[in-house]
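Subject: Structure handover and notes

Dear colleague,

Here is the structure I said I would pass on. Please look it over alongside the notes below.

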Amino acid sequence: MRRLIRWVLFDGGKPIYKHGRHLLRHKWYVFLECVRLGIPLQGILHDLSKLTPAEFLPYTEHFYAGEKPPSEMSPEMKVAWLHHIHCNPHHWDAWLLPKEDGYDVLEMPLRYRKEMLADWFGFDRAIGGSGDIREFYRRTMEKRVLGLETQRWVEDQISMRCGPL
């Protein structure tokens, strides 16, 4: 609450405004992608947890009001991210089941695969990208763990839309 008061009183609400504007822009482009993929309701419900205090305030601080680089997460941001992936099954991390020697990787249902793809394309469009997410996919593939069927589906979809991976 103190952070919120500080942002409003001393920063003129700019961090809140900037984060809210980015979030709505992202949601709009994800909605358009979800409609394109035949899952409009997923597009409406996409990332609603980001509007909760558990996520909105830590995300605002992390991306718009913090003094640390975005790659360096505060403990509050780590909790917010964990909350986010557990409330939003379109994130691949939500489909990893920890076990002693690593993870069991579960296949994502089709509607969440589609929403994940819409999220990636929507993010790219929201930041003014070209709509070609192949570079993003290649750059992040080492840390992403997908089931084989899910990975094949995602790569087929990206290749059909953007060209060969």
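What follows is a summary of what turned up, going from the overall layout to single residues.

Overall layout

Please keep in mind that this is a predicted model. The protein has 8 helices and 2 strands. Read from the N terminus, the order of elements is α-α-α-α-α-β-β-α-α-α. Of its 165 residues, 41% count as buried. Among contacts with a separation of 6 or more, 60% are between residues 24 or more positions apart.

Packing of H2 and H4

Helix H2 covers residues 14–36, and helix H4 covers residues 53–65. The two pack with their axes 9 Å apart, at an angle of about 105 degrees. That angle falls within the range of 65 to 115 degrees, so H2 and H4 count as roughly perpendicular to each other. On the H2 side the contact is made by Pro-15, Ile-16, Lys-18, His-19, Gly-20, His-22 and Leu-23, and on the H4 side by Phe-56, Tyr-59, Thr-60, Tyr-64 and Ala-65. Sorted by class, these are 7 nonpolar, 4 polar and 1 charged residues.

Aromatic pairs

The search of the whole structure gave 5 aromatic pairs. One of them joins Tyr-59 and Phe-63, with ring centres 6.1 Å apart and planes at 45 degrees, so this pair is tilted. Both residues belong to H4 and are 4 residues apart, which is about one turn of the helix.

Trp-95 and Tyr-112 make another tilted pair, with 6.0 Å from centre to centre and 35 degrees between the planes. This pair links distant parts of the chain, 17 residues apart: Trp-95 is in the loop between helix H5 (75–87) and strand E1 (96–99), and Tyr-112 is in helix H6 (residues 110–126). Both Trp-95 and Tyr-112 are buried.

Ring pairs also join Trp-120, Phe-136 and Tyr-137 into a cluster. Separately, the ring of Phe-121 has the charged end of Arg-161 over it, 3.9 Å from the ring centre.

Leu-106

Trp-95 comes up again here. Leu-106 lies in the loop between strand E2 (102–105) and H6. Apart from neighbours within four places in sequence, Leu-106 is in contact with Trp-95 and Gly-147. Leu-106 is partly exposed, with a relative accessible area of 40%, while Trp-95 is buried.

His-26 and Asp-47

What does His-26 touch, beyond residues up to four places away in sequence? The list is His-46, Asp-47, Asp-119, Gly-122, Phe-123 and Ala-126. His-26 is part of H2 and is buried, at 3% relative accessible area. The C-alpha atoms of His-26 and Phe-121 are 9.7 Å apart, although 95 residues separate the two along the chain. Phe-121 is the residue whose ring lies under the charged end of Arg-161.

Asp-47, one of the residues touched by His-26, sits in the loop between helix H3 (40–45) and H4. Asp-47 is buried too, with a relative accessible area of 1%. Its phi is near 55 degrees, a positive value in a residue other than glycine. For context, most residues other than glycine have a negative phi.

Ile-127

Is Ile-127 buried or exposed? Ile-127 has a relative accessible area of 53%, which is over 50%, so Ile-127 counts as exposed. Ile-127 is in the loop between H6 and helix H7 (134–140). Its C-alpha is 9.0 Å from that of Arg-25, and the two residues are 102 apart in sequence.

Regards

Methods
Residues are numbered from 1 along each chain as its sequence is written. This is a predicted model: local features need pLDDT of at least 70, side-chain atom pairs count only at pLDDT 80 or more; totals for chains, interfaces and linings use all residues. Side-chain values use heavy atoms; hydrogens and water are left out. Rings of Phe, Tyr and Trp (its six-membered ring) pair if their centres lie within 6.5 Å; planes under 30 degrees apart count as stacked, over 60 as edge-to-face and the rest as tilted. Buried means under 20% relative accessible area, exposed over 50%, partly exposed in between (1.4 Å probe, protein chains only). A charge sits over a ring if NZ of Lys or CZ of Arg is within 6 Å of the ring centre and within 35 degrees of the ring normal. Axes are lines fitted to C-alpha atoms, for helices over the stretch in contact, and angles run from 0 to 180 degrees between N-to-C directions. Angles under 35 degrees count as roughly parallel, over 145 as roughly antiparallel, 65 to 115 as roughly perpendicular and the rest as oblique. Contact means heavy atoms within 4.5 Å. Ala, Val, Leu, Ile, Met, Phe, Trp, Tyr, Cys and Pro count as nonpolar, Asp, Glu, Lys and Arg as charged, and the others, Gly among them, as polar.
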